Amino acid sequence: MTTKKLYTVIIFSENTVGLLNQITIIFTRRQLNIETLSVSPSAIQGIHKFTITTFADEDMIDKVVKQIDKRVDILKAYYNTDEDLVFQEIALYKLSTELFIKMGTVEDLIRKYNARILEMNETCVVLEKSGHYDETQALFKELSETIGVLQFIRSGRVAITKSRVERLSDMLAEMERKLQEKQNRQQ
């Protein structure tokens, strides 16, 4: 039996209406659950970057990426393992101010988890923690077990490859070089 592991799929495209729906349908048809999703402009002007995590085996994720790559609106799609990436998530925790202050170890907690206070008023405190899933989840667990968490949210993964530039940059540079060679031959 093949084992499933967490893969990060990075997709480059123009910012086209309805593209996210087309991408999610590909995951749904293969019965893959999207664990996290983040979309933002990339380092290349006019190009957006989708970062999606899912559990799959390598054969399945390879098929999904190839299917995504076939879409007209997609410039390029890649999949990566955690070893190929630098990545983070951001989590927000809303707590009761009264219970938070009564903890007595607030400073120790903030230092232990490298968290920061975003907002504090008479009714609630909002903490922010960035890190890997295990780190944000550990703070959630500790707060839940000690004083309770009123609200909690975690962002999708944001990730960049460990390579010097976006993999799409290399592909675009190669396409530009080939186009230039073709134009030079025609002259």
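These entries go through the sheet, the helices on it, and then another helix pair and strand pair.

**Ground rules.** I am working with a predicted model, where local features need pLDDT of at least 70, side-chain atom pairs count only at pLDDT 80 or more, and totals for chains, interfaces and linings use all residues. Residues are numbered from 1 along each chain as its sequence is written, and side-chain values use heavy atoms, with hydrogens and water left out.

**The sheet.** I took helices (H or I, at least four residues) and strands (E, at least two) as DSSP runs, numbered from the N terminus. I found an open sheet of 4 strands in the order β2-β3-β1-β4, with antiparallel pairing; two strands pair if DSSP finds at least two bridges between them. Its edge strands are β2 (34–41) and β4 (74–80), each pairing on one side only. On average, neighbouring strands here are turned by 15° against each other, direction ignored. Between β1 (residues 5–13) and β4, I see 6 bridges, and T8 has N80 of β4 as its bridge partner.

**Helices on the sheet.** Next I looked at α1 (residues 19–29), which lies across β1, β2, β3 (48–56) and β4 and runs at about 15° to β3. Axes are lines fitted to C-alpha atoms, for helices over the stretch in contact, and angles run from 0 to 180 degrees between N-to-C directions. Contact means heavy atoms within 4.5 Å.

How far apart are the axes of α1 and α2? They are 10 Å apart, and the helices pack at an angle of about 150°. I23, I26 and F27 of α1 meet V64, Q67 and I68 of α2. By class, I count 5 nonpolar, 1 polar and no charged residues there. Nonpolar covers Ala, Val, Leu, Ile, Met, Phe, Trp, Tyr, Cys and Pro; charged covers Asp, Glu, Lys and Arg; the others, Gly among them, are polar.

**Another helix pair.** The axes of α4 (residues 106–113) and α5 (residues 133–146) come within 11 Å and cross at roughly 160°. That makes α4 roughly antiparallel to α5. Their contact is made by L109, K112 and Y113 of α4 with E135, A138, L139, E142 and L143 of α5. These residues divide into 5 nonpolar, no polar and 3 charged.

Finally, I checked β5 (residues 85–96) and β9, which pair in the antiparallel sense over 4 bridges. F87 has A159 as its bridge partner in β9.

How values were computed:
Angles under 35 degrees count as roughly parallel, over 145 as roughly antiparallel, 65 to 115 as roughly perpendicular and the rest as oblique.
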